[in-house]
Amino acid sequence: MKKLTVSLTVTVIAILLAAPALALETKLSGFYNLHPLINNFAASNNYIGTFADDAKTESVIDQRFRAKFDAIVNEYLAFTYYAEIDMQWGDAQYSTARNDGGGIGGDTVNIETKNLLIDIKVPETTSAFRLGLQWFADNYDSTLFDTDMAGIRYEGDFGVFDLTAGWYKLIEGNVDIADDVNLWGLQLGFEPSDTFDFGVDYYYYQNQGSQEYATFFGTADITAILNFNAGGGDWTANREDMDLHYIGGHAAYQFGSFALSGWLNTNFGTVESINNTTAAPDLTEDLDVQGYAARLTLDSTFGNFKLRL
C-alpha cells in the first residue's frame, strides 16, 4: 500500500508541475427537494410499511438537500465533495443521526458525505483516474449494485471501445489480516454506429472474512441466498472465502421510432465453509452458487406518447 500511495502522490505532483499555471476554479451545485407525503401503506417514518386492509394513513413532510463542491486545479486535476442532509419536519432534534434534524430546536449532526474524491487526467492521453469515495453502478439496470463506495477507478477512451476498470474496498475488517470485502469491476463499451452500442462486463465480489453486507447484489446477506436446511439442522454461513463472479453483456439498437435494448448476466462462485452447528458432529461444506438474469425492452414513440414493452 505504501508503494501505491507514493506512486500516486508522485503522479499528482508531476501533473501540478507540468501545468502552465495554477488557477483554482470552484463550482457549487446541488438541489433542494421539499414535498409532502400521504399514503396508506401502514408506514412509519421513512415510508417503511406494508399493505393491509386496515392500514393506517401516514402523512409527513420530507425534505432533502444536496450540495456538490468542485475545486478544479487545472485540466488534469480536480477535487469533489458531495454532501446530503435529509429530514422530516418534526422528526428529532439535538441528536447525532442521519435522516433526522427537523424537530423543534434542530441542532442535529446530520451531514452525510456521499462523495469525496479526486480526479486525475493523464496528460497527452485519453486516460483518467478517480480515487476516493465515489458512485459506481453496473450496466444491468442497477440490478446488482448502484451505490457509493471507496476505491480507484480507471477510465479510458480508445476509439473503437471505452474501458472502465475499478477496485473498491466495501468493508475493512481487521487491519492486520486479509479479511476484507472487495469489489473488482471491468466494463468494456463499444459503439459501432450512432444507432447501435453494446458492451460486456465482469464483476468479482470477494469476501475474505466474516463481514456481512445487507444490501449488496440485492440480497439480505449470504444467509438469505443460502436458505440452506439440507440434511437437518440449521446451516449458517461464516462468509469466509466467498467468491462470486458476474459476467454479462448489454446492447441497445435504435431503428426509426423504436429502440430495442436488453442485457443478459450470469453469476457463479463458491462460498466455503458453510456450517451446520446443530449436527452431531458439526458439518462443514462448500456451497456452489449459480444464477441467471436477463431483460429485453422495446420502446416506441408516437408523437407525444411513449410505449414500453
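F65 is partly exposed, with a relative accessible area of 38% (partly exposed lies between buried, under 20%, and exposed, over 50%; 1.4 Å probe, protein chains only). F65 sits in strand 2 (strands are DSSP runs of E of at least two residues, helices are runs of H or I of at least four, and both are numbered from the N terminus). The model is predicted: local features need pLDDT of at least 70, side-chain atom pairs count only at pLDDT 80 or more, and totals for chains, interfaces and linings use all residues. Residues are numbered from 1 along each chain as its sequence is written, and side-chain values use heavy atoms, with hydrogens and water left out.

F65 belongs to a nonpolar surface patch with Y32, L34, I61 and W89. Together these residues have about 490 Å² of accessible area (Shrake-Rupley method, 1.4 Å probe; for residues, only the protein chains shown count as cover). Strand 1 (25-39) and strand 2 (58-74) are the elements that give two or more residues to the patch. Patch residues have over 30% relative accessible area and no salt bridge; nonpolar side chains (Val, Leu, Ile, Met, Phe, Trp, Tyr) are joined within 5 Å, like charges within 9 Å. A salt bridge is a side-chain nitrogen of Lys or Arg within 4 Å of a carboxyl oxygen of Asp or Glu.

D86 is located in strand 3. At 6% relative accessibility, D86 is buried. Its side chain makes a polar contact of 2.7 Å with that of R64 (a pair of N or O atoms within 3.5 Å; within protein, one must be able to donate a hydrogen and the other to accept it, and residues adjacent in sequence count only if both atoms are side-chain atoms). Beyond neighbours within four places in sequence, D86 contacts Q63, R64, N99, D100 and E112 (contact means heavy atoms within 4.5 Å).

Y94 is not a glycine, yet has a positive phi of about 50°. Y94 lies in the loop between strand 3 (77-88) and strand 4 (112-121). This tyrosine is exposed, at 59% relative accessible area. E124, also not a glycine, has a positive phi of about 65°. The loop between strand 4 and strand 5 (127-137) holds E124. E124 is exposed, with 81% relative accessibility.

Overall, the protein has two helices and 14 strands. Of its 309 residues, 34% are buried. Among contacts between residues at least 6 apart in sequence, 49% join residues at least 24 apart. The protein exposes about 18,700 Å², with 59% supplied by carbon and sulfur atoms.
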